[in-house]
Amino acid sequence: MRQPDDEVDLIIDAWSRRLPDVDLTPLDVMSRLRRASNRLGRLRASAFGGAGLAAWEFDVLAALARAETPHELSPAQLIDATMIGSAAMTNRLDNLSRRGFIERRPHPRDGRSVLVRLTAEGAEHVDDAMTRLASREAEELRSLSPDEKATLARLLRHLTDPR
């Protein structure tokens, strides 16, 4: 059974009339991914906000939470994990430290460096944010069967694989 046209279908139809010789089939996927990404961004911001965090705070705290106990990493490791620059990371660490979500301590093997550790308060906030996020994302995907979710994840992996 054919689904009714959505906004993406209407956009593609309009462009097809304007540019009849251009293959617009990639827009069928990519425009929907863009819309899904925008929706996911709003969903995540809401989930993180409900836990008292901004998205950037969640990113740093989540990297620390995933680290081996005692949940500490060097700033360079955090930069790699979050894919942001060193100046931005310094600013983020300063802010998280002021909020009591992280603490810095001297690196035991490198006196010029520090290790960043997740505090109990930071762990509480990031765990709350992840719990809220998982619940909201599950709700968003409720209309898909387990097989459809697995197929979608497998197909999306092709678009996120850097090879």
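So, helices here are DSSP runs of H or I with at least four residues, strands are runs of E with at least two, and both are numbered from the N terminus. With that in hand, Pro-70 sits in the loop between H3 and strand S1 (72–73).

Two bits of housekeeping. This is a predicted model, where local features need pLDDT of at least 70 and side-chain atom pairs count only at pLDDT 80 or more, while totals for chains, interfaces and linings use all residues. Residues are numbered from 1 along each chain as its sequence is written, and side-chain values use heavy atoms, with hydrogens and water left out.

Okay, back to that loop. The peptide bond joining Thr-69 and Pro-70 is cis, with omega about 20 degrees. His-71 is in the loop between H3 and S1 too, and its phi is near 55 degrees, a positive value in a residue other than glycine. As background, most residues other than glycine have a negative phi, and most peptide bonds are trans.

Met-83 is in the loop between helix H4 (75–82) and helix H5 (86–98), and with a relative accessible area of 74% it is exposed.

Now the helix packing. Helix H1 (residues 7–18) and helix H2 (residues 25–50) have axes that come within 10 Å and cross at roughly 135 degrees. Axes are lines fitted to C-alpha atoms, for helices over the stretch in contact, with angles from 0 to 180 degrees between N-to-C directions. H1 and H2 are therefore oblique to each other: under 35 degrees counts as roughly parallel, over 145 as roughly antiparallel, 65 to 115 as roughly perpendicular, and the rest as oblique. H1 passes H2 in a right-handed crossing, meaning the near helix is turned clockwise from the far one by less than a right angle, with anticlockwise being left-handed.

Which residues of H1 make the contact? Glu-7, Val-8, Asp-9, Ile-11 and Ile-12 do, against Leu-27, Asp-28, Ser-31, Arg-32 and Arg-35 of H2, where contact means heavy atoms within 4.5 Å. By class, H1 with H2 gives four nonpolar, one polar and five charged residues. Ala, Val, Leu, Ile, Met, Phe, Trp, Tyr, Cys and Pro count as nonpolar, Asp, Glu, Lys and Arg as charged, and the others, Gly among them, as polar.

H2 also meets helix H6 (residues 120–140), with axes within 8 Å and crossing at roughly 145 degrees. H2 passes H6 in a right-handed crossing. On the H2 side the contact includes Leu-40, Leu-43 and Phe-48, and on the H6 side Arg-132 and Leu-133 are among the residues. The class count there is six nonpolar, two polar and seven charged.

Keep Phe-48 in mind for the rings. There is one aromatic pair, using Phe, Tyr and Trp rings (the six-membered one for Trp) with centres within 6.5 Å; planes under 30 degrees apart are stacked, over 60 edge-to-face, and the rest tilted. The Phe-48 and Phe-58 rings have centres 4.1 Å apart and planes at 15 degrees, so the pair is stacked. Phe-48 is in H2 and Phe-58 in helix H3 (residues 55–66), ten residues apart. Phe-48 counts as buried at 2% relative accessibility, and so does Phe-58 at 6%.

Last stop, Glu-57, also in H3. Glu-57 is buried, with a relative accessible area of 5%. Not counting residues up to four places away in sequence, Glu-57 touches Gly-52, Leu-96 and Arg-99.

Key: Buried means under 20% relative accessible area, exposed over 50%, partly exposed in between (1.4 Å probe, protein chains only).
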